[in-house]
Amino acid sequence: MASEIYKLSASLAGHEDDVRAVLFPDHNLVISSSRDSSVRLWTRDSTNATTFTQSINSTGAGFINSLAWIPPSPEHKKGLVISGGHETIIEVREPLGEAKVDAEYIMPGHAHNVCALDVFGNIVISGSWDCKARIWAQGTWETIHILEGHKGSVWAVLALENGVVLTGSADKTIGMWRNGKLVKVLKEHTDCVRGLCRLPNGGFASCGNDATVRIWSEDGDQLQELHGHTSFVYSVASLPNGDIVSSGEDRTVKVWRNGDCIQTITHPAISVWAVAVSKTGDIATGASDRMVRVFSRDPQRWADDATIKASFPFSLAFEDSVAASSIPANQVGEINKEKLPTLEALNRPGNKDGQVIMVRNGDIVEAHIWSSASASWSNVGTVVDGAGSTQKKEYQGKEYDYVFDVDIQEGVPPLKLPYNVNQNPYEAATKFLENNKLPITYLDTVANFITQNVKGTTIGQAAEPAPSDPYGTESRYRPGEESSSRKTKPKVLPHRTFLNITQANLGMIRKKLGEINEGLLADGNKEFCLNPGEVQGLDDLIDCLESKQSPAAISKVTADAMYTLVRLLKIWSPTQRIPVLDLLRLASAASPMVTTYHPEDDSSVTIVDIFEQTGVFDKAQPNNAMLGTRTFVNMFESAKAREYAEQNFERIFKLVSTAAEGSSNKNLRVAFATLVLNYAILFNTKNSVEQAKSLLSYLTSTIANEADSETLFRTMVAAGTLLYLGGDFKKAAVRTFLIRRAVDLAVGRAHEARITDLGAEISALL
């Protein structure tokens with residue numbers, strides 16, 4: 001017989017970063033996605049088992065933040081898993097438990113992170129940081145409607161039985177849409193709307209950063225406002241019996257019935273990002289401690305400590321891990337330890353479920369939470385002083401533990417980044433980027449900076465090239481902004497200036513090289529370490545690049561450092577090579593010595609050979625391949641290095657195209673498109689028609705299919721530049737490779753002014 005109390009059924013460990021989304025489509029199947037770029041399946045070992053078998057269904061190159069489920073059908077008997085994230089392309093895959101390279105179907109269209117998904121009937125709905133939602137047709141996987149109008153990210157989407165589609169946004173509103181048209185805007189939330197769910201009565205529930213859960217009729221009338229969470233509420237779901245489940249930044253999952261909280265489940269994590277329910281009434285959660293957890297009201301599915309220990313021998317029992325966690329003092333307000341009650345206070349019952357009291361246990365302050373269901377207090381952690389909690393700083397009328405200075409651009413006043421220690425760093429970083437209209441590609445950098453608690457920073461290598469690049473971050477189209485090209489429509493073609501990718505944080509490269517070297521030394525791997533002379537040589541190269549010394553000076557130190565850089569490529573593991581390749585990339589732009597280097601024992605070996613021999617372009621290491629590609633891109637900065645790039649065109653193109661083909665790594669694809677654009681400029685200048693023709697397959701395929709707008713734009717500029725060759729090249733482009741059709745597809749798909757204008761310019765050439 002089922003109980004009214006939820007207890008832990010299973011703790012599922014395997015993800016390597018925050019678990020951002022969970023599904024519970026079947027009693028025996030849980031699906032999760034994570035910041036570790038994977039989607040995982042957890043299959044119950046038997047009907048009422050408290051153990052699950054894990055398998056990886058897909059992997060990518062960016063955070064996977066959203067999931068949805070299409071039930072089994074005659075065509076797909078196991079159902080379909082839909083996932084979306086930072087790579088912007090929505091993938092549809094069968095739940096096979098094996099990470100196939102290619103998805104069954106893809107849905108390109110969004111310009112930024114896909115953070116919300118829902119399935120209802122024959123449609124799929126998606127929401128994104130690009131401030132738009134899209135409605136897609138199952139089967140064709142094409143966009144039916146684009147829902148535009150929000151002024152912030154669309155964090156939540158939902159379809160109702162009455163045909164209305166809902167969108168919840170960072171602009172604090174819920175939009176109600178019918179047939180692609182906005183029919184009503186709900187403004188009751190006072191902060192970002194984060195989650196939506198259907199209710200059995202036809203209505204819906206919402207949650208948000210205002211710490212509330214709200215109940216609505218299907219017509220959009222607010223019926224109830226539920227208070228109990230003490231911080232952001234990220235996710236909400238409805239149980240089969242009509243109870244509501246919510247989770248949030250206060251470490252808790254709450255179960256609600258008729259407007260009252262009837263149970264609070266505290267997690268040993270900062271954030272409980274997601275909650276999902278099964279048809280049998282079990283609950284699955286995903287949290288910032290990398291864990292997926294399953295809770296049940298059925299005693300047959302309650303896990304005992306012995307089962308958990310057998311599965312995870314080094315883990316604490318769930319209650320013990322909650323009690324062992326720490327709570328920042330500023331999360332619970334001012335505390336006078338001397339006036340706190342002792343443990344005897346726990347002998348008196350609480351006033352309501354979820355009530356938290358502080359008690360003094362010797363010199364320790366403990367937080368305990370009251371459970372109405374079990375009529376008992378539970379230890380939920382030790383209260384500790386948070387760093388910076390005693391010296392608050394004011395910013396825009398509010399007090400914060402920290403107000404960081406963040407230097408975005410030299411010579412420009414720093415931006416202010418307010419932060420409280422009880423915040424999730426990624427949430428604070430996201431809000432900072434949105435408020436300052438900065439590219440979301442800075443998210444990891446800002447979040448890591450917060451975590452390290454270092455005052456002042458200069459954001460380093462962004463995912464996009466430097467602002468000096470005319471197709472880089474600053475020229476990028478952002479929804480809601482009027483494009484400058486729309487005002488003046490400057491002519492882009494033919495492009496005549498070679499591009500480089502040279503923005504970097506040289507201090508971070510120096511630091512990383514030192515950390516890796518020290519780690520190898522500490523592990524006793526002296527044969528892999530740098531000797532003092534090699535350390536000095538790399539320091540000299542970094543100093544020259546930082547101080548922008550003369551080409552002659554940089555060439556000298558580059559020549560001296562090349563032996564060391566090549567040696568490290570050969571002996572360091574692929575994951576340790578990133579700072580080495582990053583330094584090679586920068587040296588390639590500053591000096592032709594990267595292309596003229598030969599090992600002493602073989603004068604026929606050059607940088608292309610070295611990259612081939614050391615596996616730089618191994619598909620399993622897309623970041624290495626990306627930096628290798630950027631090294632080739634930067635060769636076009638000097639005439640001598642351009643000559644090398646031209647002579648080795650076929651080998652370079654084959655190396656890069658093999659690594660980039662089918663890659664979900666956006667930075668690699670952008671780098672490849674930039675390399676092709678530089679070759680297009682070179683071939684147009686030299687009238688190299690046959691070499692130009694060899695680019696046509698890549699150009700037309702990418703233009704016809706690429707979802708990332710930056711990659712698409714650079715590829716279209718390359719194609720348009722080569723069309724100025726005319727004659728045989730233009731005939732091949734039009735008749736054999738159908739470039740006109742590819743451009744039409746790109747313009748119809750991208751919905752960006754710069755691409756529309758460029759498409760018109762190319763069409764005029766045809």
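Two strands count as paired if DSSP finds at least two bridges between them, and the strands themselves (E, at least two residues), like the helices (H or I, at least four residues), are DSSP runs numbered from the N terminus. Welcome to a predicted model, in which local features need pLDDT of at least 70, side-chain atom pairs count only at pLDDT 80 or more, and totals for chains, interfaces and linings use all residues. Residues are numbered from 1 along each chain as its sequence is written, and side-chain values use heavy atoms, leaving out hydrogens and water.

Figure 1. Of its 766 residues, 56% are buried, where buried means under 20% relative accessible area, exposed over 50% and partly exposed in between (1.4 Å probe, protein chains only). The accessible surface comes to about 32,700 Å², with 49% of it belonging to carbon and sulfur atoms; areas follow the Shrake-Rupley method with a 1.4 Å probe, and for residues only the protein chains shown count as cover. Take the contacts (heavy atoms within 4.5 Å) between residues at least 6 apart in sequence: 54% of them join residues at least 24 apart.

**Figure 2. Four strands form an open antiparallel sheet in the order β22-β23-β24-β25.** At the edges sit β22 (233–238) and β25 (260–266), each of which pairs on one side only. On average, neighbouring strands here are turned by 20° against each other, direction ignored; the axes are lines fitted to C-alpha atoms, for helices over the stretch in contact, and angles run from 0 to 180 degrees between N-to-C directions. Follow β22 into β23 and you will find antiparallel pairing over five bridges. Serine 238 has isoleucine 244 of β23 as its bridge partner.

**Figure 3. A hairpin joins β24 and β25.** These strands pair in the antiparallel sense over six bridges, with valine 255 standing opposite glutamine 263 of β25. Two residues lie between the strands of the hairpin, in which asparagine 258 takes a positive phi near 55°. β25 is mostly covered, five of its seven residues being buried. Cysteine 261 is buried too, at a relative accessible area of 18%.

Figure 4. Most residues other than glycine have a negative phi, and most peptide bonds are trans. Arginine 251, although not a glycine, has a positive phi of about 75°. Look for arginine 251 in the loop between β23 (244–248) and β24 (252–257), where its relative accessibility of 8% makes it buried. Asparagine 687 is not a glycine either, yet has a positive phi of about 55°; the loop that holds it runs between α15 (666–686) and α16 (689–693). The bond from leucine 493 to proline 494 is cis, with omega near -10°. Proline 494 belongs to the loop between α5 (484–488) and α6 (506–522).

Figure 5. A disulfide needs a pair of cysteine sulfur atoms within 2.5 Å. The closest cysteine sulfur to that of cysteine 131 belongs to cysteine 115 and is 9.8 Å away, too far for a bond. Cysteine 131 is buried, at 18% relative accessibility.

**Figure 6. Aspartate 744 lies in helix α20 (residues 739–750).** This residue is partly exposed, with 47% relative accessibility. From aspartate 744 to serine 763 the separation is 19 residues in sequence and 8.8 Å in space, C-alpha to C-alpha.
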